[in-house]
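Here is my note on the model you sent. Please read it beside the coordinates.

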Amino acid sequence: MDKNTVIGLLLIFALFMGFSFYQTSQVKKKQAAQEEMMSQEIDREAREAAEMLSLDNPSDTNAAALPQTTANLSPAQKFSNAQVDEDGDYTVETAKAYYRFSKKGGYLKEIQLKEVYRYTPKGAEKQPLVIYEGASNSMSMKLMLRDQTEIATDECVFVANADDLVVDEEHNQLSLRLYPNASSDSAQCQVLDRKSYVEYLYTFSNDDYKFDYQINMVNMEPYLYPNRHSFTLKWQAQPKCVEKNYEYEKNITSIYYMDNSDEVDNLDERKPDHRDFTSPLKWVSFKQQFFTTCLVTTDQPFTSGSLTVEGPEKGETSVLKNLDADLDFEMADLNDGHFGMYMFVGPNQYRLLKGYDTKLEHQVPLGWGFFLLQWINRFIIIPIFNWLEAYGLSYGIIILILTIFIKIVVLPVSYKTYMSSAKMRALKPEIEALNAKYPKDEDMMKKQQATMSLYQSAGVKPAGGCVPMLLQMPILIAMYRFFPAAYELRQKPFLWAEDLSTYDSIWDFGHNIPLFGDHLSLFTLLMTAATIVYTWLNQKLMAPTQGNKDQQRMMNIMMYMMPIMFLFMFNNFASALTYYYLLFNLVTFLQMFIFRIAVDENKLRAQMQENMKKPVKKSRWQLKMEELQKQQAQMLKQQQQTQKRK
């Protein structure tokens with residue numbers, strides 16, 4: 001063979017060897033790929049068998065039932081769903097409100113009430129009322145995993161049965177589910193266990209501010225710590241100012257609750273407060289001036305919890321308070337467990353809240369701590385107010401009619417008060433004569449005895465005018481409670497007042513005056529002027545007192561100082577309240593005018609003089625009082641004699 005033949009044979013051999021090597025490597029790769037696929041199939045079948053085993057035997061806590069391929073994930077990634085976008089929210093619309101639920105956390109994030117508006121200055125475009133804007137409300141539940149690490153549900157993405165729900169008779173539920181990862185070595189590659197989940201199930205009624213809220217556990221024992229059946233629902237909120245008077249709304253924002261004995265109470269409204277509870281709680285609410293968000297248990301109460309109220313940061317002018325509630329509840333079955341509640345988000349209106357029959361109406365401040373005040377408001381004022389409201393009258397007219405009605409009801413009391421004052425005036429000459437007869441302070445005891453004898457013989461009861469006045473005080477105080485809390489008056493105008501639920505400013509100062517405010521309320525000014533006139537008329541009609549001139553002068557100053565104090569006290573209050581007090585004074589003027597015409601004081605004096613001629617039989621109480629006065633006079637005389645000897 002020549003040289004060229006040898007080279008050709010070598011090249012052919014080399015090509016043959018290279019092709020053989022290439023074919024062998026390809027076969028090995030194909031076999032390896034097949035083996036890997038078979039291994040994955042075996043793993044998948046093993047996982048499915050383990051899951052089926054856990055479903056068939058829920059009580060089995062064998063660690064082999066746990067997914068083993070999620071060991072490298074963080075606790076949050078074990079309950080995360082990277083296949084779903086974290087941005088965006090789920091929305092629900094009813095006839096009453098728009099609800100927005102956070103995709104990350106599954107909680108109620110924002111509420112916009114329909115046909116209800118936040119305060120806007122006169123002439124400005126109305127702004128919709130949104131409760132808990134942005135991230136000002138959150139609700140989360142702590143879950144303990146098998147390895148005893150904890151995860152908060154607000155770190156995880158919930159999957160919904162519908163992104164947008166318009167409630168009608170057929171569609172009224174929003175189901176938000178949190179699925180665990182069955183197998184994954186990274187947050188980007190997940191296989192969700194669709195047979196196991198934590199569910200927030202919201203069920204709506206189209207024409208109601210209330211909606212059901214149920215927490216469900218389905219086949220979660222393979223993923224959660226089996227010996228822990230107690231959970232904590234953490235609720236945090238920063239309600240925003242939606243009314244005209246920020247300071248007033250802030251001062252009455254707080255947390256209300258009902259305990260297991262059906263007693264309703266609240267945390268301090270004026271300062272930070274914290275309370276821990278080891279006994280059950282039936283409901284908890286975050287309450288503002290005219291709106292409230294309540295979480296009410298239905299099947300079983302919260303087992304315990306803690307509530308905290310803190311003021312906003314210094315200089316904050318929109319956030320009212322920082323509200324925090326940690327609420328504990330039990331769920332014995334992790335595979336088929338349920339905890340039922342409902343949420344109410346709406347007006348803090350007595351008539352509306354009373355319809356739920358869970359004492360939610362106790363959030364309306366009607367004087368619940370004083371039985372007489374709450375009875376007056378619940379059984380007299382509110383029924384009459386609602387009855388008049390049904391006729392479609394202006395709320396200013398309703399308050400006028402209510403004032404006249406109350407004055408008619410207390411007319412006998414007012415008449416008795418006037419008659420007592422008239423009798424005292426009729427005895428004015430006799431009282432002045434006694435003052436002249438006993439001018440010295442040391443004769444004060446004798447003057448009192450003589451005056452009491454005069455009253456007794458004339459048939460006058462000095463306390464007869466005070467007692468009827470005291471009977472009217474509960475009504476005035478009940479009104480003080482009712483009008484600032486009446487949701488019906490919110491944003492209802494009358495005369496120059498654009499909103500009867502807040503102050504009616506006619507002059508904004510542009511700066512704050514301590515204890516007074518940054519404005520002047522016209523109804524408060526008119527009420528103060530009417531009170532001063534009433535005080536002046538009362539002074540003219542009153543009989544002379546037994547005190548010296550300095551005491552009388554001090555009393556007069558105090559009586560005129562009270563209306564000035566009212567100007568400072570009520571300048572920031574609801575204009576409906578100061579309007580009512582103004583009407584109360586004006587109707588009182590009219591009553592006094594009618595009484596003066598109806599009562600002939602000359603005839604009254606003549607009758608009293610006839611009474612003084614008759615012998616008077618003294619009661620045991622009168623005899624005892626005279627005996628005490630004699631003893632006091634004797635003791636005073638002895639003290640004077642002792643001082644003279646010294």
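1. Confidence overall. This is a predicted model. The protein's average pLDDT is 80, and 77% of the residues reach at least 70. Strand E18 (residues 281-287) has the highest confidence, at 96. Helix H1 (residues 3-56) has the lowest, with a mean of 47.

2. Nine strands form an open sheet with antiparallel pairing. Their order is E7-E9-E12-E13-E22-E19-E18-E15-E16. Strands E7 (159-160) and E16 (264-266) stand at the edges. Each has a single partner strand, so one side of each lacks a neighbour in the sheet.

3. Strand E12 (residues 197-204) and strand E13 (residues 210-218) run antiparallel and are joined by 8 bridges. Leu-201 stands opposite Gln-214 in E13.

4. Helix crossing. The axes of H6 (residues 395-409) and H13 (residues 575-598) come within 10 Å. They cross at roughly 45°, and the two helices are therefore oblique to each other. The crossing is right-handed.

5. Helix contact. On the H6 side, the contact residues are Gly-396, Ile-399, Leu-400, Thr-403, Ile-406 and Lys-407. Their counterparts in H13 include Tyr-579, Tyr-580, Leu-583 and Phe-584. The residues of this contact of H6 with H13 divide into 9 nonpolar, 4 polar and 1 charged.

Definitions and conventions
Residues numbered from 1 in each chain as written. Predicted model: local features only at pLDDT ≥ 70, side-chain atom pairs only at ≥ 80, totals over all residues. Heavy atoms only, no water. Axes fitted to C-alpha atoms, helices over the stretch in contact; angles between N-to-C directions. Helix = DSSP H or I, 4+ residues; strand = E, 2+ residues; numbered from the N terminus. Parallel < 35°, antiparallel > 145°, perpendicular 65-115°, else oblique. Left-handed = near helix turned anticlockwise from the far one by under 90°. Contact = heavy atoms within 4.5 Å. Nonpolar A, V, L, I, M, F, W, Y, C, P; charged D, E, K, R; others polar. pLDDT = per-residue confidence, 0-100. Pairing = 2+ DSSP bridges.
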